Amino acid sequence: MRIGVVSDTHDRQEAVAEAVRLLTEQHVELILHCGDIESPDTIRAFRPVPTHFVFGNWDKDKVRLAAAIKEIGGTHYESFGALELGGKRIAWVHSHERHQLRQLENADFFDYVFYGHTHVREQHRTGKTVVANPGALFRANPKTCIVLDVHTGEIKPIIVPVAPRASVNGAAHTHPPVAEGVGSVVTQALPVAAELPPPPVDPPAPPG
């Protein structure tokens, strides 16, 4: 099973549409959104793939956003989301409230924790938990999202290409080219160890 993870779309609908297209090409079965969506129109761009959202600090009108998520058949979580997929426990959060990310990361319960807010793609491990930021589709160069293969543990960052913008004099401006090419893996995938410590009998209380 493959899932896509995106964050900080900030109403950039063209970038979102391209990210969803690329994730579909990767045969993802669902997408996790780590917050800062901003508009219902952005949510509708996720209609092709079942998507689970958390809200970020820029998601002001949560009532309208929740209605749009329901309209496309998605799911939203107020503060953080948690699912079990393919026998792996996965959580995601925006992380503007830093204590939530710390609690999820250090609970020794989740196999994966994804977060956004910083607009910086990164990946590390805390105990049994792989912690990753997929990057952003706004104010990031390159713009990235990631694909997780739940069964193999492979995480692939994907570059989302940006259309050229015209300058005042009509000349096109583009971001510097990326050697690996658009829509490609930007770093070597990191396999996750197959053997993990057994989960606790009782799950930790949700972050407060």
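Reply: Buried means under 20% relative accessible area, exposed means over 50%, and partly exposed is in between, with a 1.4 Å probe and protein chains only. By that cut-off, cysteine 145 is buried, at a relative accessible area of 0%.

Me: What should I know about where the values come from?
Reply: This is a predicted model, so local features need pLDDT of at least 70 and side-chain atom pairs count only at pLDDT 80 or more, while totals for chains, interfaces and linings use all residues. Residues are numbered from 1 along each chain as its sequence is written, and side-chain values use heavy atoms, with hydrogens and water left out.

Me: How many disulfides?
Reply: Zero, by the rule used here, which takes a pair of cysteine sulfur atoms within 2.5 Å as a disulfide. Cysteine 34 is buried too, with a relative accessible area of 0%.

Me: Which residues have the most contacts inside the largest nonpolar core?
Reply: Leu23, Ile31, Ile43, Phe46, Phe53 and Cys145, in a core of 24 residues. A nonpolar core here is a set of buried Ala, Val, Leu, Ile, Met, Phe, Trp, Tyr and Cys residues joined through side-chain atoms within 4.5 Å.

Me: Which elements give two or more residues to it?
Reply: α1 (13-25), α3 (62-71), β10 (143-149) and β11 (155-160). α1 gives the most, with six residues. Helices (H or I, at least four residues) and strands (E, at least two) are DSSP runs, numbered from the N terminus.

Me: And what does leucine 23 touch?
Reply: Gly4, Val6, Val28, Ile31, Cys145, Ile146 and Val147, leaving out residues up to four places away in sequence. Contact means heavy atoms within 4.5 Å.

Me: Changing topic. What is the strand order in the open sheet?
Reply: The order is β5-β6-β7-β9-β8, five strands with mixed pairing. The edge strands, β5 (80-85) and β8 (122-126), each pair on one side only. Two strands pair if DSSP finds at least two bridges between them.

Me: How many bridges join β7 to β9?
Reply: Three, between residues 112-115 and residues 129-133, and the two strands run parallel. Phenylalanine 114 stands opposite alanine 132 in β9.

Me: Last one: is lysine 70 buried or exposed?
Reply: Lysine 70 is exposed, with a relative accessible area of 69%. This lysine 70 lies in helix α3, and its C-alpha atom is separated by 9.9 Å from that of isoleucine 43, 27 residues apart along the chain.
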